[in-house]
Amino acid sequence: MPANLLACRTASYGKFSESAYAHLPTTGVHHVEIDAPAPDQVAGVKSRLEDHGLSASSLQCPVEIQYDDVDARLTPHLDAAAALDAGVLFVSVQAGELDKRVVYERLHRCGAKAAGYGITIGMETHPDLITNAAVATETMRGVDHPNVRVNYDTANIHYYNRDVDHVDEMEKVIDYIGSMHLKDTDGQYKTWCFPTFGEGIVDFKTVFDRLNAHGFHGPFTMEIEGVEGESLNEEETCRRVADSVAHLRSVGCDV
C-alpha cells in the first residue's frame, strides 16, 4: 500500500510561521503547504525548503474567476508549482453574482491548463461552490474536469453547515477528493474552535481508513487554526503542532 503523504500548512504556526521550517522536521513531517511564490522568489523558496529537508506538496494561490482569462492568470502559479514539484494548487473560489455556468466553464479551462502540468486544483470547503457535499457534487459535475477536485476540510464542513457528519459528507464526495485539510473542531456551526488534534470531534482514523480504502493517500495537510481568544507563545504553538502529529499516529493513522 502506498505511504500517506502528511503535510502541514506553515500558517498553522500563526504569527510564528517562520518557525515551521525548523520545527516540522522534528515531528517527522517533511511536506508543507505554502503560498505560491512570485516568479522571482521561486528559487529562493526552493533552496530554503531543501535546506530544512522539506518539500512543498501544495501551493495556495488565487483563482481570479471574475476574469475570462482566469486560466492564463493561473500560469505563474502553475509554473511555481512545477518548479517546486508541488502536485496541488490549493484554492478558494466563490461564484458570487457570476452565472455558475460561466464559473464552471472557466474552472474547466483552469483544469485543462493544470492538466498540462500534471497538477490538480483543489477547491477548499468554502461557500458558495464547495459548501457541503451536495453543493460540491453540483460544482464538480458542472466543471467536469479531472484536474479540478475538492479539497475536503474535516472541520469547515461543520463550520459552514448545521447538523452534518464529517465522515458522511466526505463519503458523498469521495470520488471528487483531490486533497485534504485535516483540522479538528468542536463541531459547532460558525464557531471558531479548531484545537489540537484529539481535542475536538473529528474521527481522523476513520477519515484515513475510508480514503485509503478508496485509493487516496494524500496530500493530507494539517491546518490548525486555533481557538478564538487564545494567545499562544511560540513554544505552545510548536507543541500544538507536534501534539497533533502525535495524535494522528496514536489513533493508527499511517503517517
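Me: What makes the place of D128 a loop between strand 5 and helix 6?
Reply: D128 falls between strand 5 (120-124) and helix 6 (133-143). Helices (H or I, at least four residues) and strands (E, at least two) are DSSP runs, numbered from the N terminus. This is a predicted model, in which local features need pLDDT of at least 70 and side-chain atom pairs count only at pLDDT 80 or more, while totals for chains, interfaces and linings use all residues. Residues are numbered from 1 along each chain as its sequence is written, and side-chain values use heavy atoms, with hydrogens and water left out.

Me: How do you know which kind of peptide bond joins P127 and D128?
Reply: Omega is about 10° there, and the bond is cis. A cis bond also runs from G218 to P219, with omega near 10°. P219 is found in the loop between helix 9 (204-213) and strand 9 (220-222). Most peptide bonds are trans.

Me: Why is S58 called buried?
Reply: Buried means under 20% relative accessible area, exposed over 50%, and partly exposed in between (1.4 Å probe, protein chains only). S58 has a relative accessible area of 1%, and is therefore buried. S58 belongs to strand 3 (residues 55-60).

Me: What makes the pairing of the S58 and E33 side chains a polar contact?
Reply: A polar contact is a pair of N or O atoms within 3.5 Å; within protein, one must be able to donate a hydrogen and the other to accept it, and residues adjacent in sequence count only if both atoms are side-chain atoms. The side chains of S58 and E33 are joined at 2.7 Å, and so this pair qualifies.

Me: How do you know whether the radius of gyration of the protein chain agrees with that of a compact globule?
Reply: The radius of gyration is taken over C-alpha atoms, and the globule rule is 2.2 Å times the number of residues to the power 0.38. For 255 residues a compact globule would have a value near 18 Å; the protein chain has 17 Å, so the two agree.
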